[in-house]
Amino acid sequence: DNPKQSSQIPVFIRILDINDHAPEFANYYETFVCENAKAGQLIQTVSAIDKDQPPRGHKFFFELVPEFAVHPNFSVVDNKGN
């Protein structure tokens, strides 16, 4: 709650698609990371949806771009639930 001790940084996410409608995030996400967050701590869970048919047949995966995968400050874990 102290503006002098907080910062913001945008995170850009590239969404790739192979058919009519591009996938979208299921919700708007605004994520906060506290200074005392532990290594390996879950920070945010994201989910995606796609308007293409069949509605329950879509499989999504999320990954860090190769440039940041070597020594990342964040990691992405697939929970197998889109």
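How many aromatic pairs does the structure hold? The structure holds one.

## About the model

This is a predicted model, in which local features need pLDDT of at least 70, side-chain atom pairs count only at pLDDT 80 or more, and totals for chains, interfaces and linings use all residues. Residues are numbered from 1 along each chain as its sequence is written, and side-chain values use heavy atoms, with hydrogens and water left out.

## The aromatic pair

Phe-25 and Tyr-29 have ring centres 5.6 Å apart and planes at 85 degrees, so the pair is edge-to-face (rings of Phe, Tyr and Trp, the last by its six-membered ring, pair if their centres lie within 6.5 Å; planes under 30 degrees apart count as stacked, over 60 as edge-to-face and the rest as tilted).

Phe-25 is partly exposed, at 26% relative accessible area, and Tyr-29 is partly exposed too, at 22% (buried means under 20%, exposed over 50%, partly exposed in between, with a 1.4 Å probe and protein chains only).

## A nonpolar patch

On the surface, Val-33, Ile-43 and Phe-74 form a nonpolar patch, with about 260 Å² of accessible area together. Phe-74 is exposed, with a relative accessible area of 52%, and lies in the segment after strand 2 (48-49).

Patches take residues with over 30% relative accessible area and no salt bridge, joining nonpolar side chains (Val, Leu, Ile, Met, Phe, Trp, Tyr) within 5 Å and like charges within 9 Å. A salt bridge here is a side-chain nitrogen of Lys or Arg within 4 Å of a carboxyl oxygen of Asp or Glu.

## The chain overall

Of the 82 residues in the protein chain, 7% are buried.

Key. Areas by Shrake-Rupley, 256 points an atom, 1.4 Å probe, with all protein chains shown as cover. Helix = DSSP H or I, 4+ residues; strand = E, 2+ residues; numbered from the N terminus.
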